Amino acid sequence: MKKQTLPNTKPIMGEIIKKWEECEDTFGFLIKIPAKVKSAKPGQFIMLWVPGIDEYPIGIAGYADDILEIGVSRMGEGTAAMIEKNVGEKVGIRGFYGKPFKSPENVNHLIIGGGFGMTPLKLLTQSLLDKSERSIHIFEGARSKNRLMYLEFFQELHNDKKLVFHVCTDDGSYGYKGFPTVALEEFIQNSETPSVIYAAGPERMMKVIFDIGKKYENVIDMQMSFADRYMRCGFGLCSYCAVDPTGWRICVDGPIFNAEQIKQIEDFGNYRRIETGEKQRI
Ligand SMILES: Cc1cc2nc3c(=O)[nH]c(=O)nc-3n(C[C@H](O)[C@H](O)[C@H](O)COP(=O)(O)OP(=O)(O)OC[C@H]3O[C@@H](n4cnc5c(N)ncnc54)[C@H](O)[C@@H]3O)c2cc1C
Ligand code: FES
């Protein structure tokens, strides 16, 4: 019989049943686990254990019954070891951890991100499509076309007229030439409808988005995923992920924070902790 939830402190083993190259240096995986995963919410994360190598946080891109979808970008040894894994091999999973995105009623949804930040944004998009009547705009940015994550997924939804996909590349190899933050600001300037911004990506990009959002009254909230941060336990024990001066631990108090909370986090866009616990300028 399948368990209803995933364990929080010890990993359970799941089997990779599908693997594909999502874009350069990033692979998608479907993992079958002995638990139902319907309780996963957009913005939450799992701790992924690659046996013999490392354990680290990874966002949830999608799920169906006992199958979990994740996307892994190559960073260092741990993520490279996952990318080397093939169908039939097993990895450990615990979770789900963290606070999810909250989507209010009667607002336009402006979703912006880049890199592996697109992982939770894919699940968020799916959930908004299922439950919200309001318009959804996705702003995705990458250095070039070959680094755009979920390009086909968002393009298909755009072609179906279910949402508007504003795709941006720094080098102009696909879509709008320039940063997605510029496209986002142009959109907000020309819209009077109350909107919520949901963001996930490199923290420097999120800081720019936050500064843009603060300028416009029609932006009624911003919710951002603090995934550009180091974590160890994932469930509040070690304080590796704490931010100053609030002391909030990203893994239990986040990783999603709203505009009011972000204003209080002085570390945001300025400092993050590295593996030794020391602070480093972003
Ligand atoms: C809540 C959360 C959700 C995440 N979701 C995803 C996801 O869906 N897909 C994905 O590919 N990655 C995700 N990450 C990032 C992932 O956990 C790190 O890239 C991974 O831990 C790096 O491990 P490594 O052994 O490959 O690299 P390491 O050898 O540990 O580090 C290599 C380099 O990457 C840097 N690094 C370490 N952790 C992070 C981080 N969190 N963000 C940016 N740089 C980092 C290090 O400082 C170092 O410079 C998420 C992180 C968090 C906190
Ligand atoms: S990662 Fe240990 S407290 Fe957050």
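Strand E8 (residues 108–114) and strand E12 (residues 195–200) pair in the parallel sense, over six bridges. The model is predicted. From E8 the chain passes through helix H2 (residues 118–131) to reach E9. This β-α-β crossover is right-handed.

| Partner of E8 | Sense | Bridges |
|---|---|---|
| E12 (residues 195–200) | parallel | six bridges |

Is E8 mostly covered or open? It is mostly covered, with seven of its seven residues buried. In a regular strand, side chains alternate between the two faces of the sheet. Both faces of E8 are covered. One side holds Asn108, Leu110, Ile112 and Gly114, all buried.

Now the domains. The assignment gives domain 1 (12–97) and domain 2 (108–281). Their C-alpha centres lie 21 Å apart. The contact takes 17 residues from domain 1 and 22 residues from domain 2.

Which elements give two or more residues to the side of domain 1 that touches domain 2? They are strands E1 (12–23), E3 (45–50), E4 (54–59) and E6 (67–73). E6 gives the most, with three residues. By type, the residues on this side of domain 1 divide into nine nonpolar, six polar and two charged.

Terms used
Residues numbered from 1 in each chain as written. Chains lettered and ligands numbered in written order. Predicted model: local features only at pLDDT ≥ 70, side-chain atom pairs only at ≥ 80, totals over all residues. Buried ≥ 20, exposed ≤ 12 C-beta atoms within 10 Å, placed from the backbone. Helix = DSSP H or I, 4+ residues; strand = E, 2+ residues; numbered from the N terminus. Pairing = 2+ DSSP bridges. Right-handed = clockwise from strand over helix to strand, strands pointing away. Domains from an automatic or database assignment. Contact = placed C-beta atoms within 7 Å. Nonpolar A, V, L, I, M, F, W, Y, C, P; charged D, E, K, R; others polar.
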